[in-house]
Amino acid sequence: PASYRFSAPRYLEGGILGDIASTAVNSESGVAEENTLRVIQHWSAGAFFGLAIDGRGGNWDDPESADYRDLVLLVAAIEAASHVGGKKGNGLGETLFHDLDLQPIAPPVLDAALLTRLRESLRAEMGAHA
């Protein structure tokens, strides 16, 4: 079946990182409530981030397949969410959908050399955590 893997967003350029701190205030006493301090990190305008979504095992070339419809829904959801923005009404900026690059992932060639390297890597990893 098709699967999707979302990478962590990575900072590319622009903007300035800032913090906004707030706390809940007791309406009767006017004093800050205990343990309610919260900090929101945000970026100023002009900050750009990259995100990759890897899809594997799907039948995305066939418009009649469920995988194709899932991909269309995923792209539409990302585009729709980008127009909601990142709390734009609060002055904290907006999210823009900038680019979509669809590339097929070439399957690896599983030759003897690659399998040997994989086996050595797995042994080393298991030895480091044993």
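The backbone nitrogen of Tyr68 lies 3.1 Å from a polar atom belonging to the side chain of Ser65. In this predicted model, Ser65 is found in the loop between β6 (53–56) and α1 (66–84). With a relative accessible area of 9%, Ser65 is buried, because the cut-off for that class is under 20%.

**Asp19 in strand β3**

Asp19 has its place in strand β3, which covers residues 17–22. At 53% relative accessibility Asp19 counts as exposed, since that class begins over 50%. If residues up to four places away in sequence are not counted, Asp19 touches Val39, Ile40, Gln41 and His42. Of these neighbours, Gln41 deserves a separate description: Asp19 and Gln41 are 22 residues apart along the chain, and their C-alpha atoms are separated by 4.5 Å. The side chains take part as well, in that the side chain of Asp19 makes a polar contact with the side chain of Gln41 at 3.4 Å.

**Aromatic pairs**

The count of aromatic pairs comes to four. One of them joins Tyr11 and Trp43, with 4.6 Å from centre to centre and 15° between the planes; this pair is stacked because its planes are under 30 degrees apart. Tyr11 lies in strand β2 (residues 10–13) and Trp43 in strand β4 (residues 38–43), so the pair ties together parts that are 32 residues apart in sequence. Trp43 also forms an aromatic pair with Phe49, where the ring centres are 5.5 Å apart and the planes make an angle of 75°; the arrangement is edge-to-face because that angle is over 60 degrees. Through ring pairs, Tyr11, Trp43 and Phe49 are linked into a cluster.

| Residue | Relative accessible area | Class |
|---|---|---|
| Tyr11 | 40% | partly exposed |
| Trp43 | 28% | partly exposed |
| Phe49 | 40% | partly exposed |

How values were computed: Residues numbered from 1 in each chain as written. Predicted model: local features only at pLDDT ≥ 70, side-chain atom pairs only at ≥ 80, totals over all residues. Heavy atoms only, no water. Helix = DSSP H or I, 4+ residues; strand = E, 2+ residues; numbered from the N terminus. Buried < 20%, exposed > 50% of the residue type's maximum accessible area, 1.4 Å probe, protein only. Contact = heavy atoms within 4.5 Å. Polar contact = N/O pair within 3.5 Å; in protein donor to acceptor, adjacent residues only side chain to side chain. Phe/Tyr/Trp six-rings, centres within 6.5 Å; stacked < 30°, edge-to-face > 60°.
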